[in-house]
Amino acid sequence: MPDTVVAVYESHADAEQAVAKLSEASFDIKQVSIIGKDYHTQEKVVGYYTTGDRMKSWGGLGAFWGGIWGLLFGAGVFLVPGIGPVLIGGPFLAALVGALESAAVVGGLSAVAAGLVSQGIPKQSAIKYESELKADKFVLVVHGTPEEAERAETILAATSPISLEKHETAGTQEAA
């Protein structure tokens, strides 16, 4: 299981800047996931769909999510009880679907928290990140070797996240 770096951002613009910084530093964006609520209500239809490898969207945060999805690997929209509509891009999508399909959603964890735990993030940290999502924050998850995680942590620290934590494969954890 790879090391994981998790950064929490106040707004979609902050999260978008972080993804852009990783991309500019030639970090493999296929190792990056972003999780956030689409909490804006509209009087018109809001939708997301994929045609091939490019996400299309309209309404709400369409321009934001469309831009982010152009970089990330995989995309999905889920209605998570207690959180609401959640948009997920990147490899975390497979972890969430895996948690749902394997009935790993147990012990009072939501599908989002169970997906994070399945990726080696400690349960208490996963619950904290879920709380951040409920508070309309954006969670950025980066996976990689210890060296890649260290590099991602350095890049993300320069983007002023609300919180930044590295979860190592051995189960130890560092906070920045």
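**Note on salt bridges and a helix contact**

1. E150 has a relative accessibility of 38% and therefore counts as partly exposed (buried is under 20% relative accessible area, exposed over 50%, partly exposed in between, with a 1.4 Å probe and protein chains only). This is a predicted model, in which local features need pLDDT of at least 70 and side-chain atom pairs count only at pLDDT 80 or more, while totals for chains, interfaces and linings use all residues. Residues are numbered from 1 along each chain as its sequence is written, and side-chain values use heavy atoms, with hydrogens and water left out.

2. E150 forms a salt bridge with K166, with the closest N and O atoms 2.5 Å apart (a salt bridge is a side-chain nitrogen of Lys or Arg within 4 Å of a carboxyl oxygen of Asp or Glu). E150 is in helix α6 (residues 146–157) and K166 in strand β8 (residues 163–167), 16 residues apart (helices, H or I, have at least four residues and strands, E, at least two; both are DSSP runs numbered from the N terminus). K166 is buried, at 4% relative accessible area.

3. E153 also meets K166 in a salt bridge, at 3.9 Å from N to O. Shared partners join E150, E153, K166 and E168 into one network. E153 is buried, with a relative accessible area of 8%.

4. The whole structure has six salt bridges. One of them pairs E10 with K137, at 3.3 Å between the closest N and O atoms. These two residues are 127 residues apart in the chain. E10 is partly exposed at 46%, whereas K137 is buried at 14%.
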